[in-house]
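Below is a walk through the model, moving from charged pairs to the sheet and then to confidence. Keep the structure open as you read.

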Amino acid sequence: MSERRDVNENDGVIHYELQEFQVFEPLFRWARKKSLWIVAFCTGCGGIEIPPLATARYDYERFGIMPNPSPRMGDLFLITGYVTPKTLKRIIVTYEMMQDPKYILTHGSCPINGGVYWDSYNVVKQLDKYIPIDVSIAGCMPRVEAVMDGIMEIMRKIESGEADGWRRYRENYDYYRKNQDELFGEGWREKEAKRWLAWI
Amino acid sequence: MVAVDWKLILEAIGILIYAILVGFLFMGIERKAMARIQRRVGPPIYQPLIDTLKLLGKKESISHGFIYDFGPIFALAASIAALLFIPIANFQLFSSNADLIVVAYLLEVPMLGIMLGAMSSGNPFSALGVQRGLLTMVAMQLPYGLALIALVQHWGTFKLTEIAALQQVQGWSITVPALLLAFIVFDIVFQAMLGLEPFDIITAPAEISMGPMVEYGGKHAAILFTQHAVQLFAETAFFAVLFLGGASNLLTLFLKQLAVLFIAIFVASIYPRFTVDQAAKFFWKWPTIIGIIAVLLTV
């Protein structure tokens with residue numbers, strides 16, 4: 001795997017994609033499929049579609065899916081609705097905090113092409129330009145059954161190895177970085193970080 | 001040349017593997033039972049094993065320095081040390097004249113190890129979680145100590161094997177009225193030791209997003225999961241030995257542990273969470289009063 005990291009080369013990330021462990025890869029894939037932890041970051045109006053999934057009628061915990069508040073442990077990033085540039089900054093930072101392999105599932109038409117906000121000045125029309133998306137669910141809003149179907153689809157893709165958004169993000173990091181910088185301007189990460197330093 | 005006792009080593013490793021597997025099973029039972037109480041189907045009973053496998057299979061892991069890596073390992077080691085002091089079905093690797101005190105405090109050490117690692121990550125949520133954890137630990141020491149004092153005063157010994165043996169002859173601890181009170185106190189404290197619902201203020205997921213565990217991911221989190229499994233096994237076994245008469249074989253022990261675990265799950269699934277100050281006030285009020293009565297009854 002090509003090693004294209006951020007500006008900080010030694011940011012304390014341990015990579016281990018050792019050839020010796022390739023034997024266990026099918027087992028790990030099965031485990032990844034059966035234990036998707038959701039990063040509880042509900043953007044837009046689709047966040048309200050998640051509670052019915054968790055409760056008794058649909059119960060996604062059957063498949064080992066669990067909401068997890070910490071991005072370090074999360075696997076599945078749900079983007080549930082339209083994305084404004086302000087939210088997109090947080091989404092990118094959260095996505096980069098998550099650890100490989102990580103997957104993105106988007107709800108609704110807005111992340112695909114803007115949806116009802118197609119002529120809005122402050123909605124990100126095509127999310128795929130900024131971060132890699134594994135599965136998109138169309139609809140405004142998709143019903144719970146459609147979300148369930150999307151989750152089934154991403155589980156199928158993880159097992160077959162098609163869900164490789166995290167790898168695409170590493171390999172085409174320059175492309176994504178260029179698009180992000182075009183939207184926010186150069187050096188937006190440092191500016192964001194400076195704003196939060198006072199709280200740490 | 002030191003003679004190596006291979007049988008003992010194999011027994012210790014066997015107990016360790018058994019404890020980890022049963023601990024994972026207990027974690028699965030916990031999630032499944034909670035789901036059934038909420039009328040959901042729930043995850044398969046081996047779900048914690050899948051989770052740990054997935055965490056081990058993560059391709060990268062953030063490290064914040066040596067102490068951050070050391071914390072989970074320290075916690076796991078402390079849990080294993082506590083486990084080897086507890087008499088599990090006639091097997092006890094380490095034994096001393098006061099192993100009750102040793103186990104009681106070794107069971108608290110893992111929390112300190114996790115806090116050590118969490119504090120070095122520099123995450124504000126971790127710091128908040130550690131503050132809450134230390135306050136809970138301080139709050140629960142008093143009733144915990146009183147329950148153990150009542151127990152020791154009644155049986156007149158600090159040795160866990162002797163306590164278990166005396167219970168086999170004279171009936172379980174909970175059949176003694178004073179020790180029944182101590183049992184109630186210990187069960188309340190037990191809820192906080194397991195980090196279950198009325199006292200899950202340390203890892204309150206909706207408030208401070210997992211507290212000390214917020215920065216851990218990948219292999220570190222897998223170690224913490226294993227640590228939790230061993231800890232769950234050790235704590236339930238300690239409870240069973242102290243109050244439910246110990247066990248002479250693994251099956252009896254398993255059933256007693258399961259009984260203890262289900263009390264904790266049922267309590268956890270109906271109560272909401274205390275805030276930190278409420279928990280401290282609660283611990284220093286009702287369990288302490290009951291504990292003092294228990295101690296006075298055993299004098």
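A:Asp75 and B:Lys54 are both buried, where buried means under 20% relative accessible area, exposed over 50%, and partly exposed in between (1.4 Å probe, protein chains only). The two form a salt bridge, with the closest N and O atoms 2.7 Å apart. A salt bridge here is a side-chain nitrogen of Lys or Arg within 4 Å of a carboxyl oxygen of Asp or Glu. A:Asp75 sits in the loop between E3 and E4 of chain A and B:Lys54 in helix H2 of chain B, so this pair joins two chains. Helices (H or I, at least four residues) and strands (E, at least two) are DSSP runs, numbered from the N terminus.

This is a predicted model: local features need pLDDT of at least 70, side-chain atom pairs count only at pLDDT 80 or more, and totals for chains, interfaces and linings use all residues. Residues are numbered from 1 along each chain as its sequence is written, chains are lettered from A and ligands numbered from 1 in the order in which they are written, and side-chain values use heavy atoms, with hydrogens and water left out.

Over all chains, the salt bridges number 24. Take B:Arg40 and A:Asp59, whose closest N and O atoms are 3.1 Å apart. B:Arg40 lies in the loop between helix H1 (6-37) and helix H2 (47-56) of chain B, and A:Asp59 in the loop between helix H2 (50-54) and E3 of chain A, so this pair too joins two chains. Both residues are buried. They belong to a salt-bridge network that also links A:Glu61, B:Arg31 and B:Asp51.

Now the sheet. Chain A has an open sheet of 5 strands in the order E3-E2-E4-E5-E6, with parallel pairing. Two strands pair if DSSP finds at least two bridges between them. E3 (66-68) and E6 of chain A are the edge strands, each with a single partner, so one side of each lacks a neighbour in the sheet. Strand E2 (residues 37-39) of chain A pairs with E3(A) over 3 bridges. A:Trp37 stands opposite A:Met66 in E3(A). Helix H3 (residues 85-97) of chain A packs on the sheet, touching E2, E4 (76-80) and E5 (103-107) of chain A. Contact means heavy atoms within 4.5 Å.

Finally, confidence. Chain A averages a pLDDT of 82, and 88% of the residues score at least 70. pLDDT is the predictor's confidence in each residue, from 0 to 100. Over residues 1-11 of chain A, pLDDT is below 50.

Note on methods
Axes are lines fitted to C-alpha atoms, for helices over the stretch in contact, and angles run from 0 to 180 degrees between N-to-C directions.
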